[in-house]
Amino acid sequence: MLAKNFDHRLFEQKFNDRWDEGGFFAAKKQKTASDSNAYTIMLPPPNVTGSLHVGHALNHTLQDVLTRYHRMRGYNTLWQPGTDHAGIATQMMVERNLAQQGIKRKEIGREAFIGHVWDWKRDYGDRIVHQQKRLGESCDWSRQRFTMDDGLSAAVVKTFVALHRQNLIYRDKRLVNWDVKFQTALSDLEVESKTVQGKLYHIRYPLENGAGIVVATTRPETLFGDMAVAVHPEDERYQALIGQQCTLPLCNRRIPIIADTHADPENGSGAVKITPAHDFNDFEVGRAHGLEQRSVMDLKGHLNDAVPEDYRGLERFAARKKVVADLEALGLLVTVEDHEHAVPHGDRSKEPLEPLLTDQWYLNAKVLAKPAIEAVEDGRITIMPESERNRYFSWMRDIQPWCISRQLWWGHRIPVWYGPDGEVFVAENQQEAEAEARIHYDRPVRLEQDPDVLDTWFSSALWPFSTLDWPWETTEYLRRHYPTDVLVTGADILFFWVARMIMMGLHFMQEVPFHTVILHGLVRDSQGRKMSKTIGNVIDPLELCDEKGADVVRLTLCALTVQGRDTKLSDQRFDGYRNFITKLWNASRFLEHHGATLSLDAPCPEPKLACNQWMLAQLSEAIRDSERALAEYRFNDYAGALYRLVWNRFCDWYIELIKPFLHDENHEGREESLQCAEYCLMSILKLLHPITPFITEELYDSLSATDDTRMLVVADWPDAEAIPAQSHDTMQWLMGLITTVRSIKVSMDIAPAQATALNLGDFSPEQSALLQEYSKAIHGLARLGLEHGNFPNTVRFPLDGAVVHLHLAGDIDLAAIKARLDKEYAKGEKQLKQLCGRLDNPAFVAKAPEDVLEEHRARLQDLQTTQGQYQAIIEALKP
């Protein structure tokens with residue numbers, strides 16, 4: 001028997017255990033007829049040491065909805081779970097933990113440190129998996145993978161070696177974004193551009209004739225690496241200086257003045273310093289002009305031995321202060337301006353990055369990008385929303401070499417070994433490398449492995465096929481589940497992960513890794529702000545699961561997810577959907593009290609009562625609406641269709657209409673109504689199961705026969721075709737009548753409980769018979785009686801071409817009510833005019849954010865409805 005009040009704590013763990021014990025989430029292994037009916041989703045692997053945040057909760061809920069839905073449709077589903085080793089994040093976390101114990105990474109050495117990381121992974125690595133299960137995620141946990149496990153590590157090595165042999169991976173000395181704090185290179189995608197309030201220093205570089213050329217820079221500490229001053233070739237001010245030389249301040253080195261379009265005549269003095277080893281644009285200018293690439297800073301961000309002795313060893317920002325002071329003392333500092341500009345920062349260290357010239361390993365992404373672009377262009381891959389396609393094309397068509405090496409200890413170590421003379425040997429293991437070296441040197445030699453590891457995203461790019469046992473498994477899982485079906489992920493990792501999976505999948509599998517990409521937005525607070533501990537607006541999904549239940553969290557996130565928009569959350573939103581679940585719980589208790597028993601395979605009834613026919617029609621419509629919404633990944637519309645079915649149709653109308661029948665043990669419609677209610681509730685639980693799995697299992701478990709041990713997780717999805725077409729015009733008429741009476745009472749500020757009555761003489765014999773058949777329900781729904789005769793205090797209103805008289809009991813001043821409504825109507829017309837004016841203004845529509853426009857349109861619709869109601873009542877009150 002169901003408890004009086006809904007309490008998720010009584011059953012959530014119970015069903016997690018039963019799902020696990022039953023192995024319901026596992027993909028089928030044997031060859032069956034369902035082999036061609038596979039449905040596969042790859043879970044974006046969260047960081048192994050991470051914790052489930054609200055972004056995970058949203059992302060995982062959408063995937064679980066699709067997985068559970070397709071499982072119920074009979075597909076052989078695989079939702080592949082796993083975690084990512086998260087190189088920088090994990091190393092940072094373990095290093096910080098060791099520091100608290102007085103242990104420094106470099107003092108204990110690489111091998112010992114890696115041991116500590118594995119210990120950390122064993123202690124904390126499963127935490128996020130437990131949290132995922134807390135949310136009810138139906139992954140195939142028997143296939144849990146980790147990007148550093150033996151199989152995936154071997155796949156990474158094979159991939160690197162293959163790409164190197166195809167001349168797509170190479171070593172090069174180029175400028176990189178160098179993270180001084182973490183002592184590693186970062187790719188462009190790992191860089192956050194932050195606007196800072198800085199200074200623009202105007203410095204005079206002396207000429208031979210005693211004059212000077214003024215350049216402006218935000219980074220005077222790098223001037224020791226200047227190899228030229230550039231001016232625009234068409235800048236008339238500097239035509240005579242092109243080809244001459246100027247003196248580099250503080251070190252008296254002569255550098256040329258060159259002509260290059262990189263210099264902007266409209267920006268500052270029009271002359272710019274060229275520092276090829278410390279600026280990405282200058283690097284390209286330097287290569288074009290054959291300039292030396294002189295590095296003046298070490299990996300720790302200190303000036304090196306290439307600078308004058310007085311500056312050696314200075315930290316970069318301390319060096320800036322000394323350089324500026326010395327320039328001022330020499331009279332070479334012309335002026336200093338306050339200057340707002342963008343500075344690249346590490347996305348994890350939050351420190352300003354340093355462009356440094358280093359040897360790194362690169363992947364020629366442009367070659368791999370070409371077929372990946374074509375796959376989206378020709379429709380083999382659909383990216384949703386449509387607007388994200390343009391972002392994808394823009395980045396892919398201008399893709400740069402991918403720096404794949406990282407100066408870390410935790411990660412996939414690069415499979416490269418160096419001989420005594422620096423000769424490079426790329427192999428899958430040290431034994432193979434030594435064998436190659438023995439042939440090369442004609443003797444055994446000692447090799448040193450490259451100390452760097454691969455970018456975390458390199459291994460993640462292989463996720464759709466490495467998790468399916470590639471390259472060893474060429475049948476079963478790989479054959480059945482690759483390519484996968486849909487990828488659901490955040491729009492923020494379109495380039496980090498999605499694009500790279502497409503490139504790698506096409507290159508190694510010759511097929512796209514998935515057919516559809518669903519990109520959802522960020523989760524924000526109710527005011528549209530990003531979640532931030534500083535602001536104090538962070539929503540913890542695990543706390544919400546404890547407080548309100550996992551089903552409430554899942555339903556809220558699903559209901560508020562609109563394609564192409566960020567998701568705005570608030571406590572009130574969660575409370576609203578908890579009320580929905582409570583309403584379903586109470587309706588189920590009511591039916592249980594009246595003897596309802598649920599069965600997964602009960603046939604659809606063929607009722608004679610209009611109310612039952614109407615409810616089956618609503619159910620059939622909701623099934624079709626849900627299927628259309630899920631087919632188009634409109635998760636909010638799926639949730640909305642079920643919300644309307646349960647709250648507005650089943651609970652607010654249907655239960656109230658059949659209550660009198662169920663209360664009367666002898667009523668001829670009781671058995672039919674109970675049977676229909678059972679079928680509808682069973683179907684509702686099936687429809688809701690993908691989004692609210694816990695409460696639906698509990699309701700079925702409680703209301704099913706005691707010997708029925710089946711579970712909803714593997715039940716069949718409801719079949720709209722199994723429900724005969726139903727005529728429900730009579731019920732629509734009856735409900736329209738009740739709704740109109742309710743609306744009149746609200747508009748006239750009459751209490752809902754105040755008695756009213758209809759004159760049966762206003763209706764046809766068929767209508768009168770219907771009213772009398774449902775008289776008890778009508779009284780319960782609208783406190784509306786049925787009488788004959790004419791009454792005082794009567795309001796007339798039109799209904800399907802007839803005029804209906806509504807008797808208002810008690811002492812009511814109809815003239816005063818009409819006067820108030822006239823005033824409210826006039827006020828509404830003014831608001832309506834203002835709102836229409838805004839929405840009819842092209843400038844407003846062009847500039848306003850989409851969510852603001854949506855809010856205005858919704859207000860307009862509500863206002864138009866209210867005005868229509870006022871107008872109808874005002875007409876009804878006319879003498």
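**Cysteines and a pocket**

Modeller: Cys-545 counts as buried, because its relative accessibility is 0%, and buried means under 20% relative accessible area with a 1.4 Å probe and protein chains only. This is a predicted model, in which local features need pLDDT of at least 70 and side-chain atom pairs count only at pLDDT 80 or more, while totals for chains, interfaces and linings use all residues. Residues are numbered from 1 along each chain as its sequence is written, and side-chain values use heavy atoms, with hydrogens and water left out.

Colleague: What makes Cys-558 buried or exposed?

Modeller: With a relative accessibility of 0%, Cys-558 counts as buried.

Colleague: Which residues lie nearest the centre of the second largest pocket?

Modeller: Thr-218, Arg-219, Asp-279, His-341 and Ala-342 do, out of 43 residues that line this pocket. Among the elements that each supply at least two lining residues are helix H8 (280–289) and strand E13 (333–346), but E7 gives the most, with eight residues.

Colleague: How many residues of that lining are charged?

Modeller: Eleven are charged, beside 15 nonpolar and 17 polar ones, where Asp, Glu, Lys and Arg count as charged, Ala, Val, Leu, Ile, Met, Phe, Trp, Tyr, Cys and Pro as nonpolar, and the others, Gly among them, as polar.

Conventions. 1 Å grid on protein atoms, 1.4 Å probe; cavity = no way out; pocket = protein on both sides within 12 Å on 5 of 7 lines; lining within 4 Å. Helix = DSSP H or I, 4+ residues; strand = E, 2+ residues; numbered from the N terminus. Buried < 20%, exposed > 50% of the residue type's maximum accessible area, 1.4 Å probe, protein only.
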